[in-house]
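Dear colleague,

Please find below the structure that I am handing over to you.

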Amino acid sequence: MIRKVLVANRGEIALRILRACDELGIGTIAVYSDADAGAPHVLAAGHAVRIGAPPPAESYLAGARIIEAARAAGADAIHPGYGFLAENAAFASACQEAGLIFIGPPPAAIAAMGSKISARRLMERAGVPVVPGETPADQSDASIEAAARRAGFPLLIKASAGGGGKGMRIVRGEAGLAAAISGARHEAKAAFGDDTLYVERLLTRPRHVEIQVFADAHGGAVHLFERDCSTQRRHQKVIEESPSPALTPGLRARMAGAAVAAARAVGYRNAGTVEFLLEGAGDDARFYFLEMNTRLQVEHPVTEAVAGVDLVHAQLRVAAGHELPWTQAGLHQRGHAIECRVYAEDPSTGFLPQAGRILLYRQPERPGIRVDAGVVEGSEVSVHYDPMIAKVIAHAETRDAAIDRLRAALSEFCILGLPTNIPFLLAVLDSPALRSGAVDTAYLDEEGSGLASLTPLPAAALAAAVAHVEAARANSADGQRLRHDPWTSLPGWRG
Amino acid sequence: MAATRRFIVRQGDSATPVEVLADGRVRVGAQGDEFAVTAVSPGEYIVACGLRTWRVAVAGPPEARWVGSPGATACVDVQPEGQARAPRTRAVHGALAAPMPGTVVDVAVGVGQQVRAGDVLLTLEAMKMELPIRAPRDGVVSAIRCAPGDLVQPGPPLVEIT
């Protein structure tokens with residue numbers, strides 16, 4: 001039985017979980033850093049606890065403080081969301097030791113999958129195919145360089161503890177090797193507090209296809225089909241969809257079978273995702289285990305749309321000891337869903353992340369569109385956290401209709417105050433490669449640079465920009481008007 | 001509101017003359033179309049020209065005015081005609097300043113060191129990503145105004161090259 005959940009996260013995912021708790025009649029506690037006092041997730045919770053200064057290490061990564069807050073506020077469970085402490089086995093153990101339910105997998109499963117070395121060994125034993133590579137036991141520069149030469153170029157150097165592209169470097173030859181090792185090591189240390197590095201051969205233009213799995217404590221384990229996340233920029237997912245344009249029913253069945261076997265091999269419980277790289281398409285394609293994300297994913301709404309389920313509700317029920325709410329035979333993919341991530345980043349300056357205040361915010365509303373946002377008008381996008389503003393998910397009967405719907409929704413998504421990647425997302429959705437379902441993980445990095453160009457404003461927009469200036473000037477020139485709603489003066493602007 | 005008022009709207013390198021006419025209509029471009037602008041809510045306008053209409057959202061101060069209409073968003077500078085352009089608030093790209101607030105994680109050069117255009121001088125970390133600051137041209141490092149661990153803001157140069 002879970003009566004009160006502390007959500008150890010911020011932004012859109014904290015809101016998503018808090019709302020799911022409300023729907024199930026479960027009490028909620030939010031935690032926040034000083035940068036997030038008054039943030040939407042704080043206002044959405046029944047109770048909110050300040051945990052520290054803005055840097056994540058002093059707040060959202062401060063496991064001991066979060067557990068203390070949970071006990072003080074009377075929580076019986078903690079939901080970690082994604083990122084921060086979600087894949088931290090020590091934190092999951094600490095929750096259990098404090099008598100709190102960790103809404104996620106057992107600490108042993110997190111640890112087994114969190115280390116790429118043990119994950120690979122486990123997968124090989126469970127009969128799941130893996131990409132050639134290794135984590136050198138000796139982590140000296142010389143030893144990692146030797147491992148890199150064994151795997152062969154091009155290769156990836158990654159943080160053994162991490163995901164999401166943090167601490168990851170592509171090395172195409174001997175020349176960039178030393179710099180890549182030191183850069184990856186530093187980013188790994190900063191992002192995960194663990195600088196163990198892993199070296200792996202880089203497959204040629206693979207697709208990224210992942211399988212959502214879910215297991216309970218009663219021996220039940222199901223998959224909820226795939227998500228194709230091949231549209232990536234520098235290993236950051238940009239667009240995710242289901243079904244994958246690359247899968248046939250036979251290939252889907254093989255990959256799903258491997259994913260469920262992977263989950264069973266680590267004694268998995270709750271929601272998880274098994275990521276694969278796919279070379280080729282159709283029944284002859286080969287797939288390799290990439291990693292298992294032992295948490296709820298950013299892109300979980302795609303699965304919720306096509307499978308018609310609520311993964312967070314299921315997480316709460318399974319964590320409370322109930323059986324899975326579905327049987328495998330009862331799960332089906334219905335229609336097509338596609339999601340894109342709206343980031344505060346400037347496509348015209350090399351996608352530099354942007355911080356600042358959102359001056360105006362109007363999100364799209366139309367049938368078949370879901371927006372999961374972590375901000376409201378007036379919110380500050382802080383330098384301390386991820387620059388994701390919102391996710392927009394479209395669901396429709398066919399892939400083409402879902403893309404059209406997403407395109408229309410993004411066009412009317414208005415965010416003023418800082419640059420966003422919306423123009424870039426629109427250009428990607430319009431690209432022939434995406435429309436035809438041919439995008440692989442290298443597409444955006446190799447061919448997407450031309451998509452980042454600036455869309456000029458129509459003349460009508462300049463007219464409104466000037467009228468807005470004039471309205472403000474007219475108001476301030478007339479002192480007494482300031483005491484009224486300034487907009488009462490605007491009928492003067494009717495043409 | 002009888003007299004015509006003239007403005008210059010700048011976006012990047014382009015400058016467009018915009019006039020507010022005596023009847024409240026707005027003309028964009030020297031001989032351009034005339035638009036009727038109607039406020040529908042704070043910051044939101046319907047702009048009409050003949051039978052065509054556009055929905056436009058506007059926010060922010062004149063020198064950094066954000067304008068959005070379906071599919072296009074930009075930050076423009078709106079000034080009365082004859083007035084100098086407002087100083088740019090954003091750091092010039094390629095300069096030796098932080099492009100955004102961040103933490104210095106590495107200083108790769110020392111004073112007196114010869115650098116070539118494109119060399120990484122220092123590395124910042126912001127929003128969980130590493131951002132290299134590169135030399136915009138060949139030269140010699142004459143001063144370093146930050147150290148690893150410093151929280152830096154956009155604006156002042158972090159390294160000087162002569």
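The notes below go through what was found, beginning with the contact between the chains.

Please bear in mind throughout that this is a predicted model.

**Contact between chains A and B**

On the side of chain A, 48 residues are in contact with 57 residues of chain B. Several elements of chain A give two or more residues each to this side: helices H8 (177-192), H13 (422-430) and H16 (459-477), together with strands E17 (352-353), E19 (360-362) and E23 (414-416). Helix H16(A) provides the largest share, with 12 residues. Sorted by class, the side of chain A that touches chain B comprises 31 nonpolar, 10 polar and 7 charged residues.

As an example of the pairing, strand E3 (residues 26-28) and strand E4 (residues 34-41) of chain B run antiparallel to each other and are paired over 2 bridges. Within this pair, B:Arg27 stands opposite B:Glu34 of E4(B). As background, strands of a sheet pair through backbone hydrogen bonds, in either a parallel or an antiparallel manner.

Helix H1 (residues 11-23) and helix H11 (residues 311-319) of chain A have axes that come within 9 Å and cross at roughly 65°. This crossing of H1(A) and H11(A) is right-handed. From H1(A), the residues A:Arg16, A:Ile17, A:Ala20 and A:Cys21 meet A:Val312, A:His313 and A:Leu316 of H11(A). By class, the residues of this contact are 5 nonpolar, 1 polar and 1 charged.

Helix H7 (residues 141-151) of chain A and H8(A) form another crossing, with axes that come within 11 Å and an angle of roughly 120°. The crossing of H7(A) and H8(A) is right-handed. Here A:Asp141, A:Ile144, A:Glu145 and A:Ala148 of H7(A) make the contact with A:Leu177, A:Ala178 and A:Ile181 of H8(A). The contact of H7(A) with H8(A) has 5 nonpolar and 2 charged residues, and no polar ones.

**A buried glutamate**

Finally, I draw your attention to A:Glu299, found in the loop between strand E14 (286-293) and helix H10 (300-307) of chain A. A:Glu299 counts as buried because 26 other C-beta atoms lie within 10 Å, where 20 or more are required. Not counting residues up to four places away in sequence, A:Glu299 touches A:Arg227, A:Cys229, A:Lys237, A:Glu240 and A:Glu339. Of these, A:Lys237 is 62 residues apart from A:Glu299 along the chain, and the C-alpha atoms of the two are separated by 9.1 Å.

With kind regards

Conventions:
Residues numbered from 1 in each chain as written. Chains lettered and ligands numbered in written order. Predicted model: local features only at pLDDT ≥ 70, side-chain atom pairs only at ≥ 80, totals over all residues. Pairing = 2+ DSSP bridges. Helix = DSSP H or I, 4+ residues; strand = E, 2+ residues; numbered from the N terminus. Axes fitted to C-alpha atoms, helices over the stretch in contact; angles between N-to-C directions. Left-handed = near helix turned anticlockwise from the far one by under 90°. Contact = placed C-beta atoms within 7 Å. Nonpolar A, V, L, I, M, F, W, Y, C, P; charged D, E, K, R; others polar. Buried ≥ 20, exposed ≤ 12 C-beta atoms within 10 Å, placed from the backbone.
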